[in-house]
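Trainee: I'd like to learn how to read a protein model. Can we go through one together?

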Amino acid sequence: VILLLNRPLMSETSCHICVFCKREKYQYACPRCGAKYCSLPCYKSKEHASCSEKFYKNLVLDELKSRGDDGSVAMLLDEIAGLDISEGTDEVDRVINLDDGSDLYDQLSKKDQALFNELLTTGKASLFMPDVIPWWQSGEDIPSKVSVPSFSNLSRTEPSSSVAFSACNLVFVYCFAFRCFNGDLNDLIDETVAVLTECSSLNGSLDKATCLTEALSASKHALQNVHGHNYLAMIGELVTLCDLREILKNHDYRIGALSHVYTVLKEASVNNPKLRSQYRKLRFFISWLQREPIDLSLWQSLQSELDAIINDCSTQHNVPDDVVKRAKTMQSRKKLIVEMT
């Protein structure tokens with residue numbers, strides 16, 4: 001495409017004038033209509049907009065269609081249909097770094113930047129993200145259990161009941177972070193640590209719950225305002241609650257989830273000493289989880305309370321019963337979000 005747009009014409013015709021600016025000698029020919037132009041600004045001028053806009057738009061549509069015919073592509077095509085690409089900057093001759101999100105964002109018109117920001121703040125951007133199958137759904141690649149001191153070596157007193165609520169709170173935020181970052185917690189370690197430490201019970205101000213409902217509500221409100229964005233909307237409250245439910249059912253899953261958080265914080269704390277207190281707090285949670293014998297009645301009680309929370313959530317959002325069932329079995333995250341919004 002670039003070669004076509006910037007194909008020099010024969011030297012014997014280079015003395016002709018650009019049909020758009022009427023000043024400079026033309027150097028290129030439009031691959032669609034054959035119009036002779038001198039530069040990319042002229043190619044994107046209003047006089048050529050009817051041709052150039054269709055050309056760029058068709059390139060994007062063809063690329064998206066080649067990736068497969070699924071719901072996310074169809075929705076993105078609808079969004080692109082309303083984009084305005086005629087307001088680009090005049091400084092577009094330079095090469096755009098496709099690996100630099102800021103560079104790409106700067107090339108959008110003000111209208112398209114506003115549309116992009118709306119997709120982020122409403123959570124609809126998640127519909128264009130690739131599906132991730134979490135390990136607690138597949139049963140594969142369960143995080144390895146980390147080695148921590150026994151609980152008796154960390155505490156001489158019996159833990160309060162709030163420890164269970166705090167642990168569930170942290171697993172809830174972990175489930176959200178795992179889906180939000182497509183499982184790449186270590187690759188996106190700064191973002192992951194920010195979510196885990198600001199929105200979970202690792203944040204002392206969110207570690208004062210007296211029941212599971214309070215514990216989850218605290219994190220839910222925190223996730224709805226992370227640096228001005230409603231991050232929880234990107235994944236869906238009901239989906240995250242159902243993820244938590246799957247993990248609470250299995251003792252190894254509970255330890256695996258917090259072990260994953262442990263490895264992330266351990267890596268991040270090397271360059272950030274301020275995380276060490278939260279790292280020690282997490283170690284306390286894991287040590288508490290690993291105590292023997294397992295208190296089965298405690299976890300059954302927590303699961304029952306969580307079931308009630310999930311039912312309340314589905315009723316609050318008027319989610320149909322069949323959609324709730326699919327959320328609980330975690331079969332189709334994208335379809336679920338579409339039906340809830």
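Mentor: Helices (H or I, at least four residues) and strands (E, at least two) are DSSP runs, numbered from the N terminus. In this protein chain there are 18 helices and 2 strands. This is a predicted model, where local features need pLDDT of at least 70, side-chain atom pairs count only at pLDDT 80 or more, and totals for chains, interfaces and linings use all residues. Residues are numbered from 1 along each chain as its sequence is written, and side-chain values use heavy atoms, with hydrogens and water left out.

Trainee: How do I read a helix, and which residues of H11 are buried?

Mentor: An α-helix has 3.6 residues a turn, so residues three or four places apart point the same way. As for burial, buried means under 20% relative accessible area, exposed over 50%, and partly exposed in between (1.4 Å probe, protein chains only). In H11 the buried ones are Leu 212, Ala 215, Leu 216, Ser 219, Lys 220, Ala 222 and Leu 223. They cover an arc of only 165 degrees around the axis, which puts them on the same side of H11; the arc is that of the directions from the helix axis to the C-beta atoms.

Trainee: What about burial in the whole chain?

Mentor: Of the 341 residues in the protein chain, 42% are buried.

Trainee: Now cysteines. How many disulfides are there?

Mentor: A disulfide is a pair of cysteine sulfur atoms within 2.5 Å. Searching the whole structure turns up 0 of them. Take Cys 18: the closest cysteine sulfur, in Cys 21, is 3.8 Å from its own, too far for a bond. Cys 38 is in no disulfide either, as the nearest cysteine sulfur, that of Cys 42, is 3.7 Å away. Cys 18 is buried at 1% relative accessible area, and Cys 38 counts as buried at 16%.

Trainee: Where is Cys 30, and what is it in contact with?

Mentor: Look in the loop between strand E1 (28-29) and strand E2 (36-37). Contact means heavy atoms within 4.5 Å. Leaving aside neighbours within four places in sequence, Cys 30 touches Ala 35, Tyr 37, Tyr 43, His 48 and Cys 51. Cys 30 is buried too, with a relative accessible area of 3%.

Trainee: And charges over rings: which ring does Arg 254 sit over?

Mentor: A charge counts as over a ring if NZ of Lys or CZ of Arg is within 6 Å of the ring centre and within 35 degrees of the ring normal. Arg 254 has its charged end over the ring of Trp 299, 4.0 Å from the centre. Arg 291 does this with Phe 151, at 5.2 Å.
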